[in-house]
Amino acid sequence: MAQKPSIPKGTRDFNPEQVAKRNYIFQTIQKQFETFGFQPIETPSFENSETLMGKYGEEGDRLIFKILNSGDYLNKVNEVLYAEKDSNKMTSEISEKALRYDLTVPFARYVVQHQNEIEFPFKRYQMQPVWRADRPQKGRFREFFQCDADVVGSSSLWQEVEFVQLYDSVFSALKLEGVTIKINNRKILSGIAEVIGASDKLIDFTVALDKLDKIGEEQVKTEMLSKGISKEGIEKLQPLFTLSGDFKSQIEQLKSILSTSEEGKKGIDELAFIDNAITELGLQSAKLQLDVTLARGLNYYTGAIYEVSAPEGVSMGSIGGGGRYDDLTGIFGLKDVSGVGISFGLDRIYLVLEELNLFPETVTKNIDVLFINFGEAEALFSLKAIKELRLKGVNAELYPDAAKMKKQMNHANKREIPFVVLVGDNEMNTGVYTLKNMISGEQFELPLKELIQKLT
């Protein structure tokens, strides 16, 4: 017996209803991107390995899907290396390409490669799939779409302000009210690391701190100790774990904690600027919140760090994130090009909208009217009407086979098509069409002009 076909863990098939709902999210985000002046680009699904490796930290590198070289990829491997059976050492010998892990690093490569064609500041958006060799769980997939917007070529903090507004605009347009836009600044994290005497362990410190929501205060402290951060240093962190109050009061508390760090004070000033601007401008439905434990584990953020969480009561990880990277293009040889960007997690946003029943009913609308097929002459007569209806923007189709009437009507019901049209000898002779409302059961005999008016 043939084995039942399946798909890899962490991937999904999408049925027509799901695709329609995903497209609704895509189109809503795209409209807001363009309203804010962003332009679209696309990059390849896979990049050269050296483009991606080493850009996401040790944890990120492990999650990159490597692509085996074509042909007999083991033939060129050094025999000594092969005998060691160390896959990490051998990877570079048998794999020169990898699936993209995100859209940000490929974008940096794009900017460097096309720098002479780009007008700076360059505002781009990109909506494409990415791949991560992660452990699949609710809201976490191995293949998923990212919807990114970035600005490169400007260090102005007004860009950070605009990204807060962009998040607010997108989620308000999706009717997803009450999301929290969390914000922090890498300079504050650097300042804290400096104050506790762990500047040389900034990445270890931030990776551990970023897990606070997941594993709790005590386990974060344990992980920091295991990474070589002193007990005395960790004790100095205690005021950080108990920060409270609104944005402005937390800023004041941070000024006390970071009074000896110039880098930390710069981060405080940047966050205060953003908060003051947003307070003056106002938000439609989202709320901006300072979260000093927010330390996304990537090692290219240098300023603002964003993370968006779903409304209270919805159990879901982040549905968006991003930040400022002052020299991301420097890794590809183009120095001093500051950038800032954010990403929307399409798949998680989908799950949240589904859970809260926020998809409009019209999203899954497919066919407006189905013409019943009674035979060759009737089909041709029907297709003339269908042609006119389609020109007027009506989604119409002809059942392809002259099957039994019951089968065709059941087909319309299963697909939730609201109207069917019946065309037999009588209708062809009189030039009228019998229109049936599949919900109410009402029937109307209409000439083509009135049929079009009824369905538009």
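Me: Where is Tyr300 placed, and why does Tyr300 count as buried?

Reply: Tyr300 sits in the loop between strand 8 (287–290) and strand 9 (304–309); strands are DSSP runs of E (at least two residues) and helices runs of H or I (at least four), numbered from the N terminus. This is a predicted model, in which local features need pLDDT of at least 70, side-chain atom pairs count only at pLDDT 80 or more, and totals for chains, interfaces and linings use all residues. Residues are numbered from 1 along each chain as its sequence is written, and side-chain values use heavy atoms, with hydrogens and water left out. Buried means under 20% relative accessible area, exposed over 50%, partly exposed in between (1.4 Å probe, protein chains only). Tyr300 has 8% relative accessibility, so the residue counts as buried.

Me: Which residues does Tyr300 touch, leaving out those up to four places away in sequence?

Reply: With contact defined as heavy atoms within 4.5 Å, Tyr300 touches Lys55, Tyr56, Asp102, Thr104, Val105, Arg324, Tyr325 and Leu328.

Me: How do you know that the span of helix 17 agrees with its number of residues?

Reply: The expected span is 1.5 Å times one less than the number of residues. Helix 17 (residues 376–391) has 16 residues and should therefore span 22 Å; its end C-alpha atoms lie 23 Å apart, which agrees.

Me: Which residues of helix 17 are buried?

Reply: Glu378, Ala379, Phe381, Ser382, Ala385, Ile386 and Leu389 are buried. Seen down the axis, they fall within an arc of 165°, so they line one face of helix 17; the arc is that of the directions from the helix axis to the C-beta atoms. On the other side, Glu376, Leu380, Lys384, Lys387 and Leu391 are exposed. The buried residues pack against strand 12 (369–371), strand 13 (396–398), helix 19 (425–430), strand 15 (432–437) and helix 20 (448–455).

Me: Why is the pair Lys187 and Glu270 called a salt bridge?

Reply: A salt bridge needs a side-chain nitrogen of Lys or Arg within 4 Å of a carboxyl oxygen of Asp or Glu. For Lys187 and Glu270, the closest N and O atoms are 3.1 Å apart. Lys187 is in helix 8 (residues 186–195) and Glu270 in helix 15 (residues 262–281), so the pair ties together parts 83 residues apart in sequence. Lys187, at 11% relative accessible area, is buried, and Glu270, at 18% relative accessibility, counts as buried.

Me: How many salt bridges does the structure hold?

Reply: There are 20 salt bridges. One of the pairs joins Glu397 and Arg415 at 3.0 Å, N to O. Glu397 is in strand 13 and Arg415 in the loop between helix 18 (405–414) and strand 14 (419–422), 18 residues apart. Arg415 has a relative accessible area of 31% and is therefore partly exposed.
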